[in-house]
Amino acid sequence: MGQRVLVVDDDPTVSDVVRRYLEREHFSVQLAGDGGAALDAYAADRPDLVVLDLMLPGIDGLEVCRRLRKQDRDLPIIMLTALGEESDRVLGLEIGADDYVTKPFSPRELVLRVQSVLRRATPVMAQVEELTDGDLRVDVARRTATLRGAELALTVREFDLLVFLMRNPGRVLRRAELLEQVWGWTFGDQSTVTVHMRRLREKVEDDPAVPRRILTVWGVGYRYEYA
């Protein structure tokens, strides 16, 4: 078996279907039926990615996500949310989830999302590239970013978003373009971009309310300006 995925859902039918689809793609899958079991499974086996339902008995999915993110800022997390849970979905993204899939979902779509997130999260041998903007430095190959010498705690998507912005300075980037280039989605909820952009500003701007680097182009998208 290949990379390890922890699937957390209290519906055994959903868990079993997801497990079978992931195993067909040669993932090693572990199941957990509640929040406490999920945290125990993570501590015991340190999976490469977590598929996490938000509606869990005991410790809910949002709290599980919060605790996992505190322990491991690089752990890829994909949320499973019900169709009407937009506020919870946004909160989950703000806490640190990398992606989400809305129930009812296609198991094949979920597998593709898992593969996409893991592909971006896995370091690859690449040509040395460093992006520098004043006291902000990004090592693309090593997937590290520092501000005034201190390493930034960026999630997989936040890092990819920052790199894409810095590679395209001065360009007005529409949310749909960012969704396709950074997330690999040709359709989807563009509020995902808004949430990640807000989180990224909190980490790279001296004053996120008055940004110098990541500027909003109202009604269109965003533009990155080097200092």
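Contact means heavy atoms within 4.5 Å. The model is predicted: local features need pLDDT of at least 70, side-chain atom pairs count only at pLDDT 80 or more, and totals for chains, interfaces and linings use all residues. Residues are numbered from 1 along each chain as its sequence is written, and side-chain values use heavy atoms, with hydrogens and water left out.

**View 1. Val138 and its contacts.** Leaving aside neighbours within four places in sequence, Val138 touches Glu129, Glu130, Leu131, Thr144, Ala145, Phe159, Leu162, Val163 and Met166. Val138 and Leu162 have the most contacts inside the largest nonpolar core, which has 52 residues. A nonpolar core is a set of buried Ala, Val, Leu, Ile, Met, Phe, Trp, Tyr and Cys residues joined through side-chain atoms within 4.5 Å. Buried means under 20% relative accessible area, exposed over 50%, and partly exposed in between (1.4 Å probe, protein chains only). Helix α6 (residues 156–167) gives the most to this core, with 7 residues. Another core, of 17 residues, lies apart from it; Val18, Val29, Val51 and Val117 are among its members.

**View 2. The open sheet.** Five strands follow the order β2-β1-β3-β4-β5, with parallel pairing. Strands (E, at least two residues) and helices (H or I, at least four) are DSSP runs, numbered from the N terminus. Two strands pair if DSSP finds at least two bridges between them. β2 (28–32) and β5 (99–103) stand at the edges with a single partner strand each, so one side of each has no neighbour in the sheet. Neighbouring strands are turned by 20° against each other on average, direction ignored. Axes are lines fitted to C-alpha atoms, for helices over the stretch in contact; angles run from 0 to 180 degrees between N-to-C directions.

View 3. Strand β1 (residues 4–8) runs parallel to β3 (residues 49–53), joined by 4 bridges. Val8 has Leu52 as its bridge partner in β3. β3 and β4 also pair in the parallel sense, over 4 bridges. Here Val51 has Ile78 of β4 as its partner. The parallel strands β4 and β5 share 5 bridges. Asp99 in β5 is the bridge partner of Ile78. In β4 (residues 77–82), 5 of the 6 residues are buried, so this strand is largely enclosed by the rest of the structure.

**View 4. Helices on the sheet.** Helix α1 (residues 12–24) lies across β1 and β2, at about 170° to β2. Helix α2 (residues 35–45) packs on the sheet and touches β1 and β2. Its direction makes about 170° with that of β1.
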